[in-house]
Amino acid sequence: MEHQTVFMRQACANHSYVCKHSRLKHLKRCYFGFSLVFGVNQNLASTGRSRLRHHGLEMTNPTPHLGHTAQSSRRALITGANTGIGFHAARALAAQGMKLTLACRSLEKAERARERILAESKVPADHLDTLALDLANLASVGDAASEFLDRGEPLDLLINNAGVAGLRGETTDGFELAFGVNHLGHFKWTLALMPALVQAAAPRIIHVASRAHERAPGIDFAAVQTSTRSRTGFPEYQVSKLANVLFSAELDRRLHGNDSPASASKICSYSLHPGVVATDVWREVPRLLRGFMKLFMISSEEGAATTVHCATDPQCAGQSGLYYDRCAPKTPSAIAQDPELARALWEHSSRWAQIELSL
Ligand SMILES: NC(=O)c1ccc[n+]([C@@H]2O[C@H](COP(=O)([O-])OP(=O)(O)OC[C@H]3O[C@@H](n4cnc5c(N)ncnc54)[C@H](OP(=O)(O)O)[C@@H]3O)[C@@H](O)[C@H]2O)c1
């Protein structure tokens, strides 16, 4: 559904583009988009209210608080935590007593999110801090990781949540925007933070991917080194989300290989689809249409449920390398399970981001 709605956004935002296409084609696309939006209701139903309640994320409870549990000594780092799914995951984890660092592109927005969580969740002020991170700039990624490592703290939970969808352009380093932010920035970020992850007792890494990965036919390694080519930016988004799923699986293979030290093999890596969620990711859709579409999406609280599940549920402990949807493991697309493609993506990414996995 997601990709069709992004397509609709572009089409509606750009009247001249719509005019270039036949009325029939446009109507077909709108019909498809709307039918997919309506299909989202299934998502809501099958996410399961009990799951949301279990994770303190039920819609009727905007300030989830499960009490200070076993999470209270854990430190989490979440990218893109100032809004949307990342914000609600951060708030739920803070309410469970976890110490959190909100790593965001804008420190001002990160500070506002921190203040809001402190006000709503009654967590101690020293449990929450912020870090500037621009995933579209590999130098900024390196600097932010060094700043975190300088604290000398173990990192129990890394949530790679930030993302862009349906935007066009390129990163500071010349990579396609969605690929650069959603995958390559997070690739460097994750490998750079490994020294802190290996110090934790049972570290987890969560990659917020998307069901949109199922539409990606593969990865064109030349195309991801140039500015966005499509009109909608959506084919590129699909590729970036395929990269998230492949990266998580390849990371799991490398961490759990025969030669891996014990400190690395205790790390679990998961990727997930959060659902189709009413967040700022749809910010460019014209307001009226956006309001209508959001009626059929799940809320940001509900969209955070699978992230919080993978972050905290004891059942996930032995399930590294899996892809999750609606708080349960799911088989990703066939191409997302291709170990050769995952290895090629890893090798390209390692060269482009100039970083190796050192354990
Ligand atoms: N919403 C959905 O239906 C849906 C479905 C499937 C998957 N997802 C995935 O869920 C994740 C969260 O998305 P969302 O829906 O919560 O979107 P959102 O509300 O737009 O939040 C995206 C977050 O990413 C941050 N971000 C964007 N570019 C960045 C950069 N260059 N460096 C650092 N941070 C950056 C944004 O910061 P600013 O606020 O400063 O822009 C924001 O905090 C994304 O990975 C998305 O692909 C969402």
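These legends accompany close-up views of a predicted model.

**Figure 1. The whole chain, for orientation.** The protein has 15 helices and eight strands. Of its 359 residues, 52% count as buried. Among contacts with a separation of 6 or more, 76% join residues 24 or more positions apart.

**Figure 2. Helix α6 and its span.** Just after α6 comes K122, which takes a positive phi of about 55°.

**Figure 3. The two faces of helix α6.** Let us start with the inward-looking residues: A110, A113, R114, I117 and S121 of α6 are buried. They lie on the same side of α6 because they cover an arc of only 105° around the axis. Elements covering these buried residues include α5 (84-95), β2 (99-104) and β3 (128-132). Now look at the face turned away from the buried side of α6, where E108, E115 and A119 are exposed.

**Figure 4. Helix α10 crossing helix α15.** Here α10 (residues 234-255) packs with α15 (residues 339-353) at an angle of about 95°, and their axes are 9 Å apart. An angle of 65 to 115 degrees counts as roughly perpendicular, so that is how α10 and α15 are arranged relative to each other. On the α10 side, the contact is made by A243, L246, F247, A249 and E250. Their partners on α15 are L341, A342, R343, L345 and W346. Sorted by class, the contact of α10 with α15 comprises eight nonpolar and two charged residues, with no polar ones.

Figure 5. How many other C-beta atoms lie within 10 Å of L246? There are 30 of them, and a residue with 20 or more is counted as buried, so L246 is buried. Leaving aside residues up to four places away in sequence, L246 touches A336, L341, A342 and L345. Among these, L341, A342 and L345 also belong to the α15 side of the contact described for the previous view. A209 gives one more point of reference: A209 and L246 are 37 residues apart in sequence, while their C-alpha atoms are 9.9 Å apart in space.

Methods: Residues are numbered from 1 along each chain as its sequence is written. This is a predicted model: local features need pLDDT of at least 70, side-chain atom pairs count only at pLDDT 80 or more; totals for chains, interfaces and linings use all residues. A residue is buried if 20 or more other C-beta atoms lie within 10 Å of its own, exposed if 12 or fewer, and partly exposed in between; C-beta atoms are placed from the backbone. Helices (H or I, at least four residues) and strands (E, at least two) are DSSP runs, numbered from the N terminus. The arc is that of the directions from the helix axis to the C-beta atoms. Two residues are in contact if their C-beta atoms, placed from the backbone, lie within 7 Å. Axes are lines fitted to C-alpha atoms, for helices over the stretch in contact, and angles run from 0 to 180 degrees between N-to-C directions. Angles under 35 degrees count as roughly parallel, over 145 as roughly antiparallel, 65 to 115 as roughly perpendicular and the rest as oblique. Ala, Val, Leu, Ile, Met, Phe, Trp, Tyr, Cys and Pro count as nonpolar, Asp, Glu, Lys and Arg as charged, and the others, Gly among them, as polar.
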